[in-house]
Amino acid sequence: ARVPAVSVMNIEGVREGHQSEGLRKYGADFPERHCFTLVFKGKRKNRDLAARGEEDARHWVQGLTKLMGRLQAMSQPEKLDQYPFWIHGVLQRADRNKDNKMSFREVKSMLRMINIDMDDVYAYKLFKECDRSGDERLEKKTGGVCRRLPRRPELEELFGRYSGEDRVLSAEELRDFLRDQGEDASLRQACAVIRTYELNEKARQQDLMMLDGFMMYLLSAAGDILNQEHTKVHQDMSQPLCHYFISSSHNTYLTRNQIGGTSSTEAYVRALMAGCRCVELDCWEGSDGEPIVYHGHTLTSKILFRDVIESIRDYAFKQSPYPVILSLENHCGLEQQATMARHMKAILGDMLLTQPLEGQDPHDLPSPEQLKGKVLVKGKKLPEPWHEPCGVTSLPDPEEEEEEEEEEEEKLQERSSRQGATRARVALTPWWLPPAKDASQVAPELSAVVVYCQAVPFPGLPHALRHPRPCEMSSFSERKARKLIKQAG
């Protein structure tokens, strides 16, 4: 079968070897050094490829990496110079029946090719605006839809407000606009903006700015409301860990919806590459003694805990050197908990923090700076030393305890509002699921890898303030958070 063409502009990265979920599962027949994976921007699935030989694979990876680097280094005007050639190629591919006209279906296909996820109603509105003949077919050579895509009516209105009837912005008018935005702008600075972003050479030479140049400036990094210095780490990272907001992910393993979606190790890769520093693993009993990760009691697909840990090892610190927290929601029995601990130790090696940092009070939290390159496990920890004869103890589950407390509150409210009335809550367990293991028991092996993020039931604010324990952490519902703010904020 003919493989559809791919634009280098849509490639986010190239991975060598068996570094994708597909190749790990099905790539055993191909030597690892012959394989590579194209990772696309947006929601498009990865493409796994195998070359005829090791040298071919290396040439492909090096060539694509070089092309991606060149694209990244191109200025906006250089990219615009390439736009007509690029869009012509897209139109050619979208015209499936090669009649040099574009149906609405072909226009939608073209939008997908250029990575635009557009509402069908708005796409059809653009289509009808360009359909001068009214026959639901666009002349391909006009490219009308393509010209309308970059339009920003709100910026056009703003430009008109400052430029006046001549629709040309002078350096003085641009300076006034910059000052109105709260910038300490001078005429010299306005001229520098024009020379950097104006696309029309004649206008640039006369220190004038057209609408396209104005849009280029506002949509550039220089026009961003975010201070560009803040795109890099600019704060003091030597404070205790609890002094920081932590970019966290919930149900990290899911790629689509929460009920019947696909679980994938790729979801962890994307979260970590987006800068996430805390990822969640819902761990359940799997077959053959191997724990699995999925959204329990739903139809979401399942992935191996071991595969998730391998992906975290490979991508934890590519985007940031600061620590990654693995938030374990544990539904496994003791045996598979021990397996989880073994996998984390074997796969993560020195990355995994298993002891308090040397020379530091074990009851104090270290800083992100001290924890660079380390993976921390959040979970329940056994009392030390263990008093149970078999080295196992039962601990209250923070989330279960919270749910029970809230259910009790609801029952009390119900009783007070309806005298004598009671409500029974019935939990229905789907027939296809195995009986749940007693996850309130903690295996010593798993407890041992929990150091600074010990999950405990919330003891209440007065107790927490009197007896601060920085290494303990609690989760509670938004309802409980609102209640705490109201009562003790």
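Guide: Let's start at L281: leaving aside neighbours within four places in sequence, L281 is in contact with Y268, V293, F305, V308, I309, I312, L326, S327, L328 and E329. Contact here means heavy atoms within 4.5 Å. Keep in mind that this is a predicted model, where local features need pLDDT of at least 70, side-chain atom pairs count only at pLDDT 80 or more, and totals for chains, interfaces and linings use all residues. Residues are numbered from 1 along each chain as its sequence is written, and side-chain values use heavy atoms, with hydrogens and water left out.

Visitor: What makes the largest nonpolar core a core, and which residues have the most contacts inside it?

Guide: A nonpolar core is a set of buried Ala, Val, Leu, Ile, Met, Phe, Trp, Tyr and Cys residues joined through side-chain atoms within 4.5 Å. The largest one has 33 residues, and L281, I312, L326, L328 and M344 have the most contacts inside it. Two or more residues each come from α12 (265-273), β8 (278-284), α13 (305-315), β11 (324-330), α14 (334-348) and β12 (375-379). Another core, of 21 residues, lies apart from it, and L158, L169, L178 and C191 are among its members. As background, nonpolar side chains tend to be buried together in soluble globular proteins.

Visitor: Why is Q337 called buried?

Guide: Buried means under 20% relative accessible area, exposed means over 50%, and partly exposed is in between (1.4 Å probe, protein chains only). Q337 has 0% relative accessibility, so Q337 counts as buried. Its place is in helix α14. Not counting residues up to four places away, Q337 touches N330, C332, Q441, V442, A443 and L446.

Visitor: How do you know what the side chain of Q337 reaches?

Guide: The side chain of Q337 reaches the backbone nitrogen of A443 at 2.9 Å. A polar contact is a pair of N or O atoms within 3.5 Å; within protein, one must be able to donate a hydrogen and the other to accept it, and residues adjacent in sequence count only if both atoms are side-chain atoms.

Visitor: What makes T37 buried, and what does its side chain pair with?

Guide: T37 has a relative accessible area of 0%, so T37 is buried. T37 is found in strand β2, and its side chain makes a polar contact with the side chain of D48 at 2.9 Å.

Visitor: Why is G27 called buried?

Guide: G27 comes in at 1% relative accessibility, so G27 counts as buried. G27 lies in the loop between α1 (21-26) and β2 (35-40), and touches H18 and G22, not counting residues up to four places away in sequence.

Visitor: How do you know which faces of β11 are covered?

Guide: Look at both sides: V324, L326, L328 and N330 on one, and I325, S327 and E329 on the other, are all buried. Helices (H or I, at least four residues) and strands (E, at least two) are DSSP runs, numbered from the N terminus.

Visitor: What makes β11 a partner of β8?

Guide: Two strands pair if DSSP finds at least two bridges between them. There are 6 bridges joining β8 to β11, and these strands run parallel. E280 has S327 in β11 as its bridge partner. β11 also pairs with β12 in the parallel sense, over 4 bridges, and there S327 has K378 as its bridge partner.

Visitor: Why are β10 and β16 said to stand at the edges?

Guide: The open sheet has 7 strands in the order β10-β9-β8-β11-β12-β15-β16, with mixed pairing. β10 (303-304) and β16 (472-473) each have a single partner strand, so one side of each is left without a neighbour in the sheet.

Visitor: What makes the unit of β11, α14 and β12 right-handed or left-handed?

Guide: A crossover is right-handed if, with the strands pointing away from the viewer, the path from the first strand over the helix to the second runs clockwise. β11, α14 and β12 make a right-handed β-α-β unit.

Visitor: Last stop: why do the buried residues of α8 line one face?

Guide: In α8 (residues 171-180), the buried residues are A171, L174, F177 and L178. Seen down the axis, they fall within an arc of 120°, so they line one face of the helix. That arc is taken from the directions from the helix axis to the C-beta atoms. What covers them includes α7 (153-163), β6 (169-170), α9 (187-197), β7 (208-209) and α11 (211-218).
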